[in-house]
Structures are given as structure tokens and as C-alpha cells.
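This report covers a ligand site, the pocket around it and the aromatic pairs of one model.

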Amino acid sequence: MSIATHHLKLIIILAFLIHGEMVYAETGKAPDPGAVIQGKILYEKYCLICHQKDGVGEEQLPWGVRLPEFTPAMPLNETSHAWHHADEGLAITILEGPRSTKRMPAFKNILSREEVRKTIAYIKSLWSPRIIACQGPKHMRCM
Ligand code: HEC
């Protein structure tokens, strides 16, 4: 292998690593304790009204009935599937609002990206280490 191809390979690997780091910054990792404390305050102010204390969610309608206007807020603790999403996916849902319902507002004009990241840190503090390790695209292999 020539020096040039060797360097090119290194650059490609590096670019991949840096990109991966940006996109999945904390996916699969325990949240930063400082971010959790600040995230809890944000959660209580903006999310608790629907997702309830400790992220237990609202009661679901019987027989799996779904009405777009009344879609109950699912749990964000580990009993539902928030942990199937990588941090970036959760951030997009919070910033843009879920596609499934208009009931949850988009938070992009209310919370900064940094605040969203802290809110996600709090949500992740509700998950056990096993679930955190299985977060995101890996969840299929962890069931
Ligand atoms: C007005 C009620 C309401 C508020 C306030 C609200 N949500 Fe939601 N949230 C919902 C509903 C309803 C859904 C979608 C349920 C469905 O599609 O079954 C949802 C879905 C989500 C999801 C997707 C979970 C998944 O498993 O795919 C995330 C993440 C989420 N909310 C986080 C938040 C965060 C963080 C906040 C506060 C910044 C917040 N929500 C505030 C009602 C709310």
C-alpha cells in the first residue's frame, strides 16, 4: 500500500469517527450527572404535564384505540420504547414534535439544543444501565 492510500484510509476512518461522535454523542452512555439535574428542572416545567412524574406516561386508551387528538403521552421511562431511539432521534422528536400527533408541540422555539440535550439526560437517568447499554439501533440485539 502506498503512503498516499494509507493516509487516505486514515482520513476516511477519522472522518467517520468524528461524524459518528457528533451524531450519536451520548447514545448508549450514562448521562452526565450535572446535565441530569438541570434536565429534571426543564422536564418538570415542559414535559411532566403529559409524560408525568418519573416519565411514567399517561394511561393508554383501552383496546389499543388511537385517536389523534387524544393520543396519550407514552412513558419515557424504560417501560416504553423511547430507549429504542438514539439521542439524536430523541432530540429531533422533541425539537420538531412527534409525527404521530399534533398534541405534543415542537419545542424548537421554546428550548435550545443544549436544553433539549439536558432534558434527554434526565430522561436517560430513568433508565437502568442495561437499557442504556442497549439504547438506539442496538436495541434489536438486546431484547
Ligand atoms: C401536551 C402533551 C405533551 C407535552 C407537553 C410533551 N409531550 Fe412528548 N409526547 C406527547 C404525545 C401525545 C406523544 C406521542 C404519543 C404517540 O405517538 O403514541 C409524545 C411523544 C414523545 C416522544 C417520543 C417517544 C417515543 O418512544 O417515540 C418523546 C421522546 C417525547 N414525547 C418527549 C417529550 C419531552 C422531552 C417533552 C418536554 C420537553 C415532551 N415530550 C412534552 C405529549 C406531550
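How far is an oxygen atom of the ligand from an N or O atom in the side chain of His85? The distance is 3.1 Å.

## Basis

The model is predicted: local features need pLDDT of at least 70, side-chain atom pairs count only at pLDDT 80 or more, and totals for chains, interfaces and linings use all residues. Residues are numbered from 1 along each chain as its sequence is written, and side-chain values use heavy atoms, with hydrogens and water left out.

## Ligand contacts

A polar backbone atom of Ala82 is 3.4 Å from an oxygen atom of the ligand. Polar contacts here are pairs of N or O atoms within 3.5 Å.

The ligand is surrounded by 26 residues, each with a heavy atom within 4 Å of it. Cys47, Cys50, His51, Ser100 and Met104 are the closest. By class, this shell has 16 nonpolar, 8 polar and 2 charged residues (Ala, Val, Leu, Ile, Met, Phe, Trp, Tyr, Cys and Pro count as nonpolar, Asp, Glu, Lys and Arg as charged, the others, Gly among them, as polar). At least two shell residues come from each of α3 (48-51), α4 (87-96) and α5 (113-125); helices are DSSP runs of H or I with at least four residues, numbered from the N terminus.

## Pocket

The ligand sits in the largest pocket, meaning that more than half of its atoms lie within 2 Å of the grid points. A pocket is an open set of points on a 1 Å grid over the protein atoms alone, where a 1.4 Å probe fits, with protein on both sides within 12 Å along at least five of seven lines.

The largest pocket has a volume of about 830 Å³, taken as the space filled by probe spheres set on the points. It is lined by 32 residues, each with an atom within 4 Å of a point; His51, Met74, Thr93, Pro98 and Met104 are closest to its centre. α4 gives the most to the lining, with 6 residues.

## Aromatic pairs

There are 2 aromatic pairs, defined by ring centres within 6.5 Å. The rings of Tyr43 and Tyr122 have centres 5.1 Å apart and planes at 50 degrees, so this pair is tilted (under 30 degrees is stacked, over 60 edge-to-face, the rest tilted). Tyr43 is in helix α2 (residues 33-46) and Tyr122 in helix α5, so the pair ties together parts 79 residues apart in sequence.

Notes. Polar contact = N/O pair within 3.5 Å; in protein donor to acceptor, adjacent residues only side chain to side chain. Phe/Tyr/Trp six-rings, centres within 6.5 Å; stacked < 30°, edge-to-face > 60°.
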